[in-house]
Amino acid sequence: MEGIEASALGQAMRQWLWLYPAVEIVHIVGIAILVGSIAVLDLRLLGVSRSLSVRRLAAHVLPWTVASFALIVPSGLAMFVAHASDMLSNPVFALKLSLIGFAGVNAAVFHAGVYRAAAKWDFDVPPPPAARAAAAISLLVWISVIACGRLLAYL
């Protein structure tokens, strides 16, 4: 990991006064867009705003979800490069990455499964229990990811 940290990017992230904070701001904005777009759909699946079409809402917010990765991934990697050894030795970092992976699996299972029948419960009908469970898990996992990210600064 010393090689990664010694790279030009790793050194710049640690030495340039405003680079790390600027990259961190980009990362946080990306997280806000990601979790905000996911939370809107999850809350709809949990019964909020039933007058909104689930499919239309998903079609509206999912591009934002995907686009947010264009901010999150490079900024997260840049922050990692600055302190790779510390991150890899921190169990909270491993937990954060595991939770992100679990969130991805949860979303994939939802979209490949219960969401395929969304036309039946798209509007003014409560989503099935599997959809509500996926939404509740999603919210819990993304809140946990955010908590882990913040705890990295302190542990």
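This is a predicted model: local features need pLDDT of at least 70, side-chain atom pairs count only at pLDDT 80 or more; totals for chains, interfaces and linings use all residues.

Visitor: Why is α2 called roughly perpendicular to α4?
Guide: The axes of α2 (residues 8-15) and α4 (residues 54-82) cross at roughly 85° and come within 8 Å. Angles of 65 to 115 degrees count as roughly perpendicular. Therefore α2 is roughly perpendicular to α4.

Visitor: Which residues make the contact of α2 and α4?
Guide: L9, G10, M13 and R14 come from α2, and A78, M79, V81 and A82 from α4. Contact means heavy atoms within 4.5 Å. The contact residues divide into 6 nonpolar, 1 polar and 1 charged.

Visitor: What makes S37 buried?
Guide: Buried means under 20% relative accessible area. S37 has 8%, so S37 is buried. S37 sits in helix α3. Beyond four places in sequence, S37 is in contact with V61, W64 and T65.

Visitor: Which members of the largest nonpolar core touch the most others?
Guide: L34 and W142, in a core of 16 residues. Such a core is a set of buried Ala, Val, Leu, Ile, Met, Phe, Trp, Tyr and Cys residues joined through side-chain atoms within 4.5 Å. Helices α3, α4, α5, α6 and α7 each supply at least two of its residues. Another core, of 14 residues, lies apart, with F110 and A134 among them.

Conventions:
Residues are numbered from 1 along each chain as its sequence is written. Side-chain values use heavy atoms; hydrogens and water are left out. Axes are lines fitted to C-alpha atoms, for helices over the stretch in contact, and angles run from 0 to 180 degrees between N-to-C directions. Helices (H or I, at least four residues) and strands (E, at least two) are DSSP runs, numbered from the N terminus. Angles under 35 degrees count as roughly parallel, over 145 as roughly antiparallel, 65 to 115 as roughly perpendicular and the rest as oblique. Ala, Val, Leu, Ile, Met, Phe, Trp, Tyr, Cys and Pro count as nonpolar, Asp, Glu, Lys and Arg as charged, and the others, Gly among them, as polar. Buried means under 20% relative accessible area, exposed over 50%, partly exposed in between (1.4 Å probe, protein chains only).
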